[in-house]
Amino acid sequence: MKQSNRIKAMVKEEQEESSNRPDNTAFTQQRLPAWQPILSASIVIPMFVLIGAAFIGVGVALFITSRDIQLQELDYTGDDSEHPCFKCRTNTEKCTCSMTFSIPTLFKGPVFFYYGLTNYFQNQRKYGASKDDNQLYGDLNYFTSPSTDCDPYTRDSKNMPIVPCGALANSMFNDTFTLSHTVNGVQKIVPLDGKGIAWWTDYNIKYRNPSITPLINAFNGTKKPTNWPKPIYELDTTDVYNNGFINQDFLVWMRRAALPDFRKLYRRITHDDYAAGLPAGNYTLTIAYNYPVHSFNGKKKVVLSNVSWMGGKNDFLGIAYIVVGSMCVVMSIVMLIVYARFKFGEDD
């Protein structure tokens, strides 16, 4: 009787196992045709040589191209007492300073004009989240009731809602620059083009002005950010397509940098006598020094640069390719020596 029960239990277990067993097909039983490479020395060593040669070739091309890109940097923080902007470093009032520099040869166009900041952590999580995307999209409901993500920059001391709210907008860079070229002893203003410097998606999709005209009426009952000298609807009163939330300088600032030392596009030099670039000669950069960096040990600079098919100046990228390619070639030589030492000896 016990043996009969044991047999029945075994049959039941076998039936349960068979019910959970995959179908007996080539796919479920993993019997499909397969190809598995056999990495022999005759395959691996030439592969490393070819990869190394390719990386070295690309690296040399990148490095040579990067070296041909022209770059001019002007630090205007004013840390040195002899610097023309030293008087503005800790000045809380409006301050203007000028720097002169020379360009020995033609600075080929188009020339890109950047401002740069150091030791500025735009990638800090709470700082980056301190904004109201619905507000920036032009939703009037969020003008009077800003998101709590903007705290403590949601309302001013009189409990009036701030538009645009948040730390990111409140800290917008507001130094301005004028570049002039000395021609026959006369200062000639170099035209700076500020159109199209922001990302297309930011200008056309992510940010929107309220559909109310005039724009100022949409901001009734609101206040400008604490650190701003003027409200957002006055950023560019001469161009309705560059005012409010779609102002190019505002969009560039709101696109956060990934590293603490960064530069952002300020203008392009592409018009009139400077379409081909900046001619050799003496130049004067006039700076409206408004943005404080002394409190966090930061630095400010202006960068003039042109670009190539690989983008801006970046020697590291070419060097990295060359190093990786050289390592591949060295490894192939090492593998060839090891293969010759142990494999050929056995064959003999």
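This short talk goes through the disulfides of the structure shown above.

Before I start, please keep in mind that this is a predicted model, in which local features need a pLDDT of at least 70 and side-chain atom pairs count only at pLDDT 80 or more, while totals for chains, interfaces and linings use all residues. Residues are numbered from 1 along each chain as its sequence is written, and side-chain values use heavy atoms, with hydrogens and water left out.

Let me begin with the word itself: a disulfide here is a pair of cysteine sulfur atoms within 2.5 Å, and by this rule the count comes to three disulfides. If you number the bonded cysteines along the chain, the disulfides follow the pattern 1-4, 2-3, 5-6.

Let us take the pair of cysteine 85 and cysteine 97, whose sulfur atoms are 2.0 Å from each other. The torsion about this S-S bond is about 80°, and therefore the disulfide between cysteine 85 and cysteine 97 is right-handed. Where do cysteine 85 and cysteine 97 lie? Cysteine 85 sits in the loop between strand S1 (71-75) and strand S2 (95-103), whereas cysteine 97 belongs to strand S2, so the pair ties together parts that are 12 residues apart in sequence.

Next comes the disulfide that joins cysteine 88 to cysteine 95, with an S to S distance of 1.9 Å. Is this disulfide of cysteine 88 and cysteine 95 left-handed or right-handed? Its torsion is about -60°, so the disulfide is left-handed. Cysteine 88 is buried at 1% relative accessible area, and cysteine 95, at 9%, is counted as buried too.

The remaining pair that I want to show joins cysteine 150 to cysteine 165, at an S to S distance of 2.1 Å. Here the torsion about the S-S bond is about 40°, so this disulfide is right-handed. The pair links distant parts of the chain, 15 residues apart, with both cysteine 150 and cysteine 165 in the loop between helix H5 (141-144) and helix H6 (167-170).

Finally, a word on cysteine 328, which counts as buried at 14% relative accessibility.

Notes:
Helix = DSSP H or I, 4+ residues; strand = E, 2+ residues; numbered from the N terminus. Buried < 20%, exposed > 50% of the residue type's maximum accessible area, 1.4 Å probe, protein only.
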